[in-house]
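The structure is shown first, and the description follows.

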Amino acid sequence: MNILTLVRQVPDAEARVKISGQSVDLEGATLVIDGMDEYGVEEALRLRESGAPVEQIIALAVGPKKVEDALRTSLAMGVDRAIHIETDEKFDAVTLSRVVAQVAQAENVTLILVGGQEADWDSQALGAASAERLGWPQLTWTNELKLDGDTLTGRHDVDDGNESFSATLPAVVTTQQGLNEPRYPTLPNIMKAKKKELRKDDPAAYQLQGKVRTVNAEIQTRARRNTMIDGKDPQAAAQQLLELLRNEAKVIA
């Protein structure tokens, strides 16, 4: 069996971004694999290490040339080969699902692992849309996953807690924090990754037509009130602070 893992490249959580014109300018920002997708890469590797009959683990990314860095990281983690559909155009999750479905069929994939929520689009639609296109079952927000033959078992989060599931491959699984702890690529594996296949595909071959167009972007900020408290009278200052915390900030009852 082959496993397909989706890889997206996003700014590091601590990175400082800015707006240039009407779009986010990532020049100089530290870019990393989307954390949710990284759990998927790690889980694919763990399934193979547990004895599952996994022939190949394939990483797929759609994006500009710099996305190669994220794919190289996944290769250094242990992924066998990667596919990069290089384009500077941004596609919504439903459009990207067309790529996922076509690659899955072309590569004889029976298990797709994708992050439960995309950090850049803040969307949970990619897994569901991919499963719908393929007609496969979807298992969302997994926090435990096991593979025995062609049967997937595990647990995932639901509104009232979590529940156990069982499904027969092929299937789409969305991953999240708590499923595993992603490994760090070692130096020898980083060197080996340079020799692994990273195939470049033309986006025109997938007949992509975006359904959503970004018209503007802005960074959300919250202005600080900077309320000053006169400390000449400590008792009055303490009382004023309590009132502000209770009635304005609403952080105490």
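E42 and R183 form a salt bridge whose closest N and O atoms are 2.8 Å apart; a salt bridge here is a side-chain nitrogen of Lys or Arg within 4 Å of a carboxyl oxygen of Asp or Glu. The pair links distant parts of the chain, with E42 in helix α1 (residues 35-49) and R183 in the loop between β12 (171-175) and α5 (187-193), 141 residues apart. Helices (H or I, at least four residues) and strands (E, at least two) are DSSP runs numbered from the N terminus. E42 is buried at 2% relative accessibility, whereas R183 is partly exposed at 26%. Buried means under 20% relative accessible area, exposed over 50%, and partly exposed in between, with a 1.4 Å probe and protein chains only.

The model is predicted: local features need pLDDT of at least 70 and side-chain atom pairs count only at pLDDT 80 or more, while totals for chains, interfaces and linings use all residues. Residues are numbered from 1 along each chain as its sequence is written, and side-chain values use heavy atoms, with hydrogens and water left out.

**Charge pairs**

The whole structure holds 11 salt bridges. Side chains of opposite charge can pair when their charged atoms come close. K200 takes part in two of the pairs described here, one with E68 and one with E86.

| Salt bridge | Closest N and O atoms |
|---|---|
| E42 and R183 | 2.8 Å |
| K200 and E68 | 2.5 Å |
| K200 and E86 | 2.9 Å |

In the pair of K200 and E68, the closest N and O atoms are 2.5 Å apart. K200 itself is partly exposed, with a relative accessible area of 36%. For K200 and E86, the closest N and O atoms are 2.9 Å apart. This second pair links strand β13 to E86 in strand β7 (residues 81-86), 114 residues apart. E86 is partly exposed, its relative accessible area being 33%. Elsewhere, salt bridges that share partners join E42, R46, E49 and R183 into one network.

D37, in helix α1, is buried yet has no salt bridge; the nearest side chain of opposite charge, R8, is 5.2 Å away. Leaving aside residues up to four places away in sequence, D37 touches L6, V7, R8, V114 and G115, a contact being heavy atoms within 4.5 Å.

**Overall architecture**

The protein chain contains 6 helices and 13 strands. Its C-alpha atoms fill a box of roughly 75 × 45 × 40 Å, taken along the principal axes. Of its 253 residues, 40% count as buried. Among contacts between residues at least 6 apart in sequence, 68% join residues at least 24 apart. The C-alpha atoms of K195 and I252 are separated by 57 Å, and these residues are 57 apart along the chain. K195 is in the loop between α5 and β13 and counts as exposed at 77% relative accessibility.

Helix α2 is largely enclosed by the rest of the structure, because 7 of its 10 residues are buried. The buried residues in α2 are E68, A70, L71, S74, L75, A76 and M77. The helix is followed by G78, whose phi is positive, near 140°.

At the surface, L187, I190 and M191 form a nonpolar patch with about 290 Å² of accessible area together. Such patches consist of residues with over 30% relative accessible area and no salt bridge; nonpolar side chains (Val, Leu, Ile, Met, Phe, Trp, Tyr) are joined within 5 Å, and like charges within 9 Å. Accessible areas come from the Shrake-Rupley method with a 1.4 Å probe; for residues, only the protein chains shown count as cover. M191 lies in helix α5 and is partly exposed, with a relative accessible area of 43%.

**Backbone geometry**

Most residues other than glycine have a negative phi, and most peptide bonds are trans. A cis peptide bond joins L169 and P170, with omega about 5°; P170 lies in the loop between β11 (161-168) and β12. N108, a residue other than glycine, has a positive phi near 55°. N108 is found in the loop between α3 (93-106) and β8 (109-115) and is exposed at 60% relative accessibility. Q207 also has a positive phi, of about 50°, although it is not a glycine. Q207 is placed in the loop between β13 and α6 (234-248), and its relative accessible area of 61% makes it exposed.

Methods
Lys and Arg count as positive and Asp and Glu as negative; His and the chain ends are not counted.
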